[in-house]
Structure formats: structure tokens, C-alpha cells
Amino acid sequence: MTRRELLFLPGAGSLLGQVVAVSEARNLSFPLQNVAGAITPPDLFFVRDHFSEPELSLSAWKLKVEGRVARELELSMADLIESPTKKLEAVLECAGNAAGGSAASNAVWEGVPLPDLLRQAGAAHDAVSVVLEGADSGRLIRDSPHLPYSQVVPMTKCMQPESMVAFKLNDSFLPRKNGFPARALFPGWYAMDSVKWLRRIIVLGPGDRAADFEASGMSQIYNRVVKPAGSEPKIERLTGMLVKSAIAWPADNTKLPAGRHFIRGFAWTGAGLIRGVEFSSDGGKTWIPAKLESRPKTFSWVQWSYAWPAASGDYVLMSRATDAEGRRQPLTRDPARQDGYELNYCAPVRCSVR
């Protein structure tokens, strides 16, 4: 697509030379039962903002690739569109998504492979990580300076073929709330690293510090903290998503008539494949295999269902996913965890049948 053609895209031309209105930071999610197919519509895609949406002019927006590179790049939206792109279906999940929660969405993404951009810039052979900086900024924690949102991602993940700078969601340009004009996308990892409103990619070498990332306090959150009894806590950065499933229907505390009901939901994992999903109507005491509605794909979720012959009574429904590596959802939260992330234990859904 040429720059001239970009001007005639629906909605794109109207943004050229204009400043996008600012909104407050948002925390939005929508019931999974409203997602009819495998793909989440843009208006049902969850939103997690750390700061207010930035003021952006599409005509002025640029993406810079800098740091430990042979040649710095400054790319416009048209440059991205005219570059070789790839499409990938992938699920994003908020690292703090509740067990059974709806802060997860699945979409078809399109963008420029991040390894291509790093190679084009001549990233140093000894590069260890990349800072991704968004156009949104603010104070993350009390007394921290006003700084842009940023994340640091290991070079090994950035060079994976699935990593990209995405500018389309479900064959349309990204909605503003989802990071328009472009965002980072790291399929298989929790969503905090897929920085929205991306404007800088900074390659770091050995010994380089991500000063703003540390000063903002971002290094203090999104960490896995495990403290077994009598031991010192072990702290690690969150990366790949844990295996998880959620019941999309029925909702918690639903009342149903006796009879046959189709329980349905979604299951996903990090870089592997979902092998199977089980259903329980007695709070996890017994499990029955559920039906996968499609062939599992790497990075995306799979729909599942179970035809439940429900008799009168009170029930606690659960689902449990297992992936191809043998990783299975736990029934309860690990008591050694001292953080609020990776909540992948089996969530109870209470149901009354009369």
C-alpha cells in the first residue's frame, strides 16, 4: 500500500494532522459469553491502561529504532504498511486476569515482524534486551517521576518469528484503545509487554541500563514472587502465559431449569498447544472430558463445550485445561505465591438447577 492509498483508508485520512482526544486510563473487560466465535470483536476486546491515552497525530507519529544498532530507523505509518507483513492469530491476557476472568481476548493480528526491523537497523550481535516505549506517560507509583510507559523484553523473545509491531486487528487498523497507530505484540506472553502506542524501540547491550524503566517503578511490578515456608522469596519477571481455561457460559450464580445444557468456554496456554479440557460439576471431585470445537493452534485459544445433563440440585462447575507439555491448571492457588499475577487455578462457577 502506498502513502497515497493510506490517505483514502476509512478513518485514516481524518486523523492526519489531527490530535486524537485524550481519555482517562481505562480498565475494561467484557463477559466471555458475549464472544460468539473464536475471534474477539474489537468492541469486546479487553482494555488495560496504565496512563491516559496519549495525544497522537498520525501525520507526526514516528516509530524510532535506536540504541545498540548500526543505523537508526525512523518509520512512519506508511513505512510500516509498505513493509512485508505477517498475520497471526493470538490471545492476549492481562497478567492480573482473575481466575475465570474475562481480561483475555483472541484476535488476528497483522504487522511487521520485529526481527525484520531489528535486522534492518543492524542490532548489535551482543544485544541482550530491548526497551519498548509507548507514547502514554504518567506516574506509576507514588513519588515516581512522570515517565513514558515502557517494558524491557529479552532479545531472544524479540527475535522470535511471532514477535511483531502490529498495526491491524481483525483486518482493520487498530482501534485507538488497543494501541493505534501501532503496538508491540509478543504472542504467548502476558499482555503488559505488548506495549501500546509504540514510539521507541531501544536495543540494549551488556551493561546497558533501562533508566526510565527502573526509575518509573515498572521493574517492581509484573514479577512472580514465590516464598515457600522458611525460605527467602524468589523473584522472577513474568513472561509466558500459564495454561488456563475459563467457563464462558453459564455465569456465576446462574439459575437453570433441569435438562440438557451446553456449557462452553475457552482454553489457552503460552507457546504450546491445548491438549484437552475437562469439565466438573462437583467442584473438582470428578472430571469428564469436554469437546474441543476446533483444532488447537499455537498462541490462540480454543473453544470447548460440554453437553451437561443437569438434574435438580446445586452445583459448582469448573473447567480444567491441559497442554501438550503436560502442564495442567491447578485446583487452587499455590500458597507460596506472594503476588497477584498468573491466576490460572480452576475458577468455581456456582449454579442452581431447579
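**A walk through the fold**

Start at Pro-181, which sits in the loop between S10 and strand S11 (183-185). Helices and strands here are DSSP runs, numbered from the N terminus: a helix is H or I over at least four residues, and a strand is E over at least two. The bond that joins Phe-180 to Pro-181 is a cis peptide bond, with omega about 15 degrees.

A word on the ground rules. This is a predicted model, in which local features need pLDDT of at least 70 and side-chain atom pairs count only at pLDDT 80 or more, while totals for chains, interfaces and linings use all residues. Residues are numbered from 1 along each chain as its sequence is written, and side-chain values use heavy atoms, with hydrogens and water left out.

Now step back to the whole chain. The protein chain holds five helices and 23 strands. Its radius of gyration is 22 Å, close to the 20 Å that the globule rule gives for 354 residues, so the chain is as compact as a globular protein of that length. That radius is taken over C-alpha atoms, and the globule rule is 2.2 Å times the number of residues to the power 0.38. Along its principal axes, the C-alpha trace spans about 65 × 55 × 35 Å. Of the 354 residues, 53% are buried. Buried means under 20% relative accessible area, exposed means over 50%, and partly exposed lies in between (1.4 Å probe, protein chains only). Next come the contacts, meaning heavy atoms within 4.5 Å. Among contacts with a separation of 6 or more, 71% are between residues 24 or more positions apart.

Next, find the sheet. Five strands make an open sheet with mixed pairing, in the order S4-S3-S12-S7-S8. Its edge strands are strand S4 (73-75) and strand S8 (147-154), each of which pairs on one side only. From one strand to the next, the twist averages 20 degrees. Two strands count as paired if DSSP finds at least two bridges between them.

Look at strand S12 (residues 198-204). Five of its seven residues are buried, so S12 is largely enclosed by the rest of the structure. Strand S3 (residues 63-67) runs parallel to S12, and four bridges join them. Strand S7 (residues 129-138) pairs with S12 in the antiparallel sense, over six bridges. Ile-202 is a handy landmark in S12. Glu-66 stands opposite Ile-202.

Move on to S4. S3 and S4 are antiparallel and share three bridges. Here Val-65 has Leu-73 in S4 as its bridge partner.

Helix H3 (residues 114-121) lies across S3, S4, S7 and S12, and runs at about 135 degrees to S4. Axes are lines fitted to C-alpha atoms, for helices over the stretch in contact, and angles run from 0 to 180 degrees between N-to-C directions. Which residues of H3 are buried? They are Leu-114, Pro-115, Leu-117, Leu-118 and Ala-121. Seen down the axis of H3, these buried residues fall within an arc of 160 degrees, so they line one face of the helix. The arc is that of the directions from the helix axis to the C-beta atoms. An α-helix has 3.6 residues a turn, so residues three or four places apart point the same way. Just after H3 comes Gly-122, with a positive phi of about 70 degrees.

Finish with the loops. Asn-170 lies in the loop between strand S9 (164-169) and strand S10 (172-173). Its phi is near 55 degrees, a positive value in a residue other than glycine. Is Asn-170 buried or exposed? Asn-170 is buried, with a relative accessible area of 19%. Leaving out residues up to four places away in sequence, Asn-170 touches Ile-39, Thr-40, Pro-41, Pro-42, Ala-107 and Val-108.

Phe-299 sits in the loop between strand S20 (291-292) and strand S21 (302-310). Phe-299 has a positive phi, near 80 degrees, and is a residue other than glycine. Phe-299 is buried, with a relative accessible area of 10%.

One more loop runs between strand S15 (244-249) and strand S16 (254-256), and Pro-250 lies in it. The peptide bond from Trp-249 to Pro-250 is cis, with omega near 5 degrees.
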